Amino acid sequence: MSSRKAFKTLKKVFPAEPTFISNQETAEKIVKTLIKSGIQPLKSTSSSLLSSLNPHITNLVLSNPLVLPHSCVKLFNFLQKNPSHKPNLKSHVTLLCRLYQARKFAQMKIVLNVIVTNDNLRCPVSEIASLIEEGPNGMKFAGTLCDMLFRVYAENKMVEEAIGVFDYVGRNGIEIRERSCIVLLLALRKCGRVDSCWRFFDRMVKNGVRITVLTYNTILKAYIGRKDFEGASEVLRLMEKDGVGYNVVTSTLLIDLFGSSERIEDAQKVFEEMPERGIEPDLYVYTSIINCYCKAGNMERALFLLGECNQRGFVPNEHTYGALINGACKAGQMEMADILVNEMQSKGIDVNQVVFHTLMDGYCKKGMMDEALKLQDVMEKKGIQFDVFTYSTIASGLYKLNRNEEAKALLFTVEERGVTPNAVCFTILIDIFCKEGNLEEAKRVFNDMKRKGERPNTVTYNALIDGYSKNGNMNKARKLKKEMEDKGLTPNTRTLNTLIHGECVDGKVDEALKLFREMPRRNLTRNVVTYTTMISGFECIDGMVDEALKLFHEMSRRDITHNVVTYTAMISGLSKDGRTDEAFKLYDEMKNAGLTPDSRVYRSLVGGLHIVKY
DNA sequence: CCCCCTATCA
């Protein structure tokens, strides 16, 4: 090829200098077209001009003040659909600047979302910042842009990237608002990364973010969810140290914490102390305290507080009524639940999906399956979607009525019904198979759930552990406990109760006692079931009655009320050992406590007399 | 920044 010819070819590929001038001209032509088109969408046919576009022209057009921001967006959207003219990062920043000048912050967020989720555009914040034009507003724009970018990263759970922005602004004297920082804290909290929350908290302090009660509340809630009193107290201590007072949300969170841990007096105390702290209660606070009393089974007090709430001019909403209806259902008072539903409707509040589930569960627990199924029909008529709660509630109701086959059939078809089964669905299935003694099938479901990416939780393991221990396979039960701990799941009181029972039945009372003793070390509360199981364990073994009695009295000291099963076990143990007087004394005590002895108690007492006779 | 529902154990 001659050099001349080569030059000609080159010229075709790279048109020479005049391009710069024609860039200007092309840009102006496009501007005119855009202005003329007004709010009409751009059509690919109407824009032959666009074929001559290049990134430089795009930028010229976008920065032209004659082109209004909405036209910029219009052009942008058009180019994005056009593979050969995808706007580059610089064009994005120019558009962001135009939107910023027009105070169109919502639009800015959309554009930033495009940048951070697009593999070709995503880049370090410094690169974006370097594209910002110097100018009187440059610094302010950069500040807003970084704040927004940080927030968009946080909302997309791109934690590392968000922190990258945060560090960058720290080095450059730009400020990230506390509100934006909270978005990241919320993302971290949602993934259960409380340690990361604190690490970021320290960064906030270092970068001079003024930390208010809002940040503390956000971190506090991380501990509320897991009922971590230790962690919650630590947050409160820090607030005190920093001189940050509670606000109404802090009080609400504390009421929730105590309420969910059956510490109703403490919840009440927080509620009562609000005026002293200068905090006005609001509807949230009333809903929370009402929920506490509902959960504690004190409907009388809950309804009284509803009256007080009304009197103070707070209008109860779906949450308030949801809590009350739940309380009534849990107390088995379906008539009261019905009245509350009517009251709610008369106030124009829609009965939502949650309330339907609550009512369905209430009827299920009463064994009124037909009523529960009727509610399902009502939901359908009202066009309320069925979800995973709907199915698990109905399935567990069927299971409680021993309608296992129907429960299984429902759970196995959840997916066909357009709902993704969650851990609860699998756990109910596993529990059914365990109770039926079909460990093979239980294991199959367990593997199936793991394969489908549903993570087994503590309850799932509890069901399996109970299944194996009741089927005489304590080795497997112990292994499962280890497996759950290896997976980062914490055995709870029920796990230990189940294992203690298993060891006792297996005749390994020493093993059971070992588990019993390690509970306080594990921060697990020993409840009436724990003690009763252990007492029954001792009862089966000759010469251990005194050990059992020791625990029986320890219960009283720890304010754990003996129930029918506890008395039955203790009376049976004493009778077997021939200590009939003591057995009868407990029998009287039991009746005085308002408990109704069942046939097993009588058999024990009679059996005990028998031993004495001979 | 905060509130309602579902599953497991003697």
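Reply: The surface near DNA strand B has 24 polar, 17 nonpolar and seven charged residues in this predicted model. In total, 48 residues lie around DNA strand B.

Helix H22 covers residues 388–400, and its 13 residues should span 18 Å at 1.5 Å a residue; the end C-alpha atoms are 18 Å apart, so the two values agree. Of these 13 residues, 10 are buried, and H22 is therefore largely enclosed by the rest of the structure. The buried stretch takes in Thr390, Tyr391, Ser392, Thr393, Ile394, Ala395, Ser396, Gly397, Leu398 and Tyr399. These buried residues pack against H23 and H24, and also against helix H20 (353–365) and helix H21 (369–381). After H22 comes asparagine 402, with a positive phi near 65°.

Two packed helices are described by the angle between their axes and the distance between the axes. For H23 (residues 404–412) and H24 (residues 423–435), the axes come within 10 Å and the crossing angle is roughly 145°. The crossing is left-handed. On the H23 side, the contact is made by Asn404, Ala407, Lys408 and Leu411; on the H24 side, by Cys425, Ile428, Leu429 and Ile432. An α-helix has 3.6 residues a turn, so residues three or four places apart point the same way. By class, the residues of this contact are six nonpolar, one polar and one charged.

Thr530, Tyr531, Thr532, Thr533, Met534, Ile535, Ser536, Gly537, Phe538 and Glu539 are the buried ones. What covers them includes helix H28 (493–505), helix H29 (509–521), helix H31 (545–557) and helix H32 (564–576).

Phenylalanine 538 has 25 other C-beta atoms within 10 Å, and it counts as buried because the cut-off is 20 or more. Leaving aside residues up to four places away in sequence, phenylalanine 538 touches Val509, Met544, Val545, Glu547, Ala548 and Gly573. Leucine 551 is 13 residues from phenylalanine 538 in sequence, and their C-alpha atoms are 10.0 Å apart.

Positive phi values occur at two lysines as well. Lysine 157 has a phi near 55°, a positive value in a residue other than glycine, and its place is the loop between helix H8 (138–155) and helix H9 (159–171). It has 14 C-beta neighbours inside 10 Å, so it counts as partly exposed. Lysine 227 is not a glycine either, yet its phi is positive at about 50°. This lysine 227 lies in the loop between helix H12 (213–225) and helix H13 (229–241). Its 13 C-beta neighbours inside 10 Å are why lysine 227 counts as partly exposed.

Key. Residues numbered from 1 in each chain as written. Chains lettered and ligands numbered in written order. Predicted model: local features only at pLDDT ≥ 70, side-chain atom pairs only at ≥ 80, totals over all residues. Near = placed C-beta within 6 Å. Nonpolar A, V, L, I, M, F, W, Y, C, P; charged D, E, K, R; others polar. Axes fitted to C-alpha atoms, helices over the stretch in contact; angles between N-to-C directions. Helix = DSSP H or I, 4+ residues; strand = E, 2+ residues; numbered from the N terminus. Left-handed = near helix turned anticlockwise from the far one by under 90°. Contact = placed C-beta atoms within 7 Å. Expected span 1.5 Å × (residues − 1). Buried ≥ 20, exposed ≤ 12 C-beta atoms within 10 Å, placed from the backbone.
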